[in-house]
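Morning, everyone. Please bring the structure up on your screens.

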Amino acid sequence: MIIANRLEEVLIAIPNEQYDRAVAALASLGIFHVEEPSGDLSRYVNRSYRRLMTESTELKSRLEGFFKTAGLAPSSNINVTIKVSSWEETFNSVVKVHVNLEKDLEKLSARATELTARIAELQNIALALEPFKGLSSDVRSAGEGGNIKASVGIVSAAQLDNAMSVASRRGLLYAIELIGKDTAIFAVAGEPGQVRDATAELTRSLGWRQLVLPPELPGSPSQAASQVSDELSKLSSELEDIKSDIKKRLPELEEYYAEVSALSEVFKILSYSAKTETITFIHGFVDTKDSKRLRESLDACCNGSYMVLSLGFKRGESYVPSKVELPGYFRWFQSIVDMYGTPSNNEIVPTLFLAITMPIIFGLMFPDIGHGLLVLLFAALYILPRDRNLGKVVVVLGAAGMVAGFFAGEFFGPIPAHFVGLDSLWRSLGFKVPPLESPVAEAYEHPSSNYTMLLFDEILDLSFWIGGFMLVFGNALGVADDLISHDYEDLVARRAPLLLLFLAADLPFLAYFNAYRAGYVIELAVFGLGRGGPMEAFVFYGGIASVIWLVLGDGLYKASVGEGFRLDPYESFLGVFEGLIMALGNTISFLRIMGLSLAHAGLMVGFTVLTYVVLTAHPTPYTITAAAVIYIIGNLLTAGLEGIVAFAHDLRLHFYEWFNKFYRGLGVPFNPIRVPGVTFVILPTSS
């Protein structure tokens, strides 16, 4: 789980008369990663199968498009049997059997694409016409006048006075119709040149948006809106009919897709096989724990007429793919790691650690039970149907925000939290304030409270401690990576001295869990030249030793392997400069945990103040409703904005501050040939 599985590299030799059975067995097993043989065997590869692999892959993509048109996804539960006399003939036969299905669905899909594009276009037109649909006059004719020309558009109500000033200054007639509290229709009329200049000024300076009707629509906005609505209804109905027609042929489509997908996988094996006059060679990788299954399957299908040459149990070579096995919860977070890169087969996989640290950091940045619940619901209802692993990750992050919100005493901000008695609950448990309450919220609710600075110090200490732990741990993982991959040059010249440097910089934060005391220790160590105590001595002398080590490390390694002591001053300077910048910048970067936590609380305090201002100025049913709307909108904006920002900064702390200490992500994924639900029957006439 922490590093990729060890793989066995194998070269399988199969008599040609047993080859098709072996290919079918390998495809059905789902454990074999095929690669093209190297060396002299590569010239025996049948390149014609590359064409079939490309054709089948393209056909598979087209079929997936038909599913997408119908709003469906290919089923993984379909079971089909494919009879094989020749792989190429079988593929051609499958295509021929379903040629009418493909033609029919191609026409339906093409029409659906046209309809979708036209519906999107009409929806944009309908949106533009919405403010003007009450106008029945012919706007187009008025805009095309010879001596007198008119132009109609919308402008914000706040800019009406400025718009009237522009029209009056240019000697134009104007008309106004309010269509809401914030928007108005503003029309001007006069000589064509004056109208043109006024239109340009209104658009440029006041954000005025002119109504421009497409030529195929009537000149009256109300008639145009009615025509657009009718066409939208008609086209939407036709699109639904097309989706229904595709769904009626779903069993055929699923069978066709399963057959093409299976043959596409088979063609990967065929494309990489080296076939001589009597024997075919297949090269690839299998997990060491599946080696026995591979041989048993070949033995069953080929009656012992095969040979498996083991090329060794591999981990560390750059050409070997990486297979990572993780338990369910941790597997969800692999999608986050894959954003950075696939783990190599000789480096530590960070997924296990990321699955723990990422929710903790997100929760600290986003502490609110209600807002975490909104994130959780958004993930479950929107992201999960589209990307299961990412959706599950966001569900976990939302739950982490809810847990942190409980400890922070926040539930859709302070008002509902007080209403449900979160603060009273913590007082009943013996706490004066919730353990993770924001100092911003405390300062707002109790301006003279002694806890404001204590809470500020708490989140400051926590941010520095998390940063120190992750940076030291990341560098320790980097040392472990070099030991696993036997990269002793990098270990001696870079990883080990960087670990010492980060220990010197961050150990005070880890040991004392007090940012002020840690800062004082570092200050005393630097300016007191290590005097003051064991911690000060370690910080000073450890820092000096790490810098000297970074300068001399490469030369020391070269000398140890007999190449002589040589240094590149430029490289040494860059190594020291980069190390010092990272030790300082990466540690400080983790203060974004505190910053986003304070920003989240600050936004909710701002909306709370605004709510109370509206509520207490003139307490009427209207102001109560307005205050409730403001608070609800404030919660939605805060949850949406802060949720995205917290996720982005959480990723940054992991990708740019942590991963670069040990993780490269330059591996090749282990992709075994898989044909789920498909059974191959090799006919006796098969070659």
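**Salt bridges in the model**

Start with R50 and E36: their side chains meet in a salt bridge, at 2.9 Å from N to O. R50 sits in helix α2, residues 48-69. E36 sits in the loop between β2 (32-35) and α2. So the pair ties together parts that are 14 residues apart in sequence. R50 is partly exposed, at 25% relative accessibility. E36 is partly exposed too, with a relative accessible area of 27%.

Keep in mind that this is a predicted model. Across the whole structure, the search finds 31 salt bridges.

Next pair. R169 and E201 form a salt bridge through their side chains, 2.8 Å from N to O. This one links distant parts of the chain. R169 belongs to helix α6, residues 160-169. E201 belongs to helix α7, residues 192-206. They are 32 residues apart. Buried or exposed, what is R169? Exposed, with a relative accessible area of 53%. E201 is buried, at 12%.

Now one within a helix. K558 bridges to D554, and the closest N and O atoms are 2.6 Å apart. Both lie in helix α22, residues 534-560. They are four residues apart, so about one helical turn separates them. K558 counts as buried, with 14% relative accessibility. D554 is partly exposed, with a relative accessible area of 27%.

Last item, the network. Which residues does it join? D287, K289, D290, R293, K323 and E325, through salt bridges that share partners.

Conventions:
Residues numbered from 1 in each chain as written. Predicted model: local features only at pLDDT ≥ 70, side-chain atom pairs only at ≥ 80, totals over all residues. Heavy atoms only, no water. Salt bridge = Lys/Arg side-chain N within 4 Å of Asp/Glu carboxyl O. Helix = DSSP H or I, 4+ residues; strand = E, 2+ residues; numbered from the N terminus. Buried < 20%, exposed > 50% of the residue type's maximum accessible area, 1.4 Å probe, protein only.
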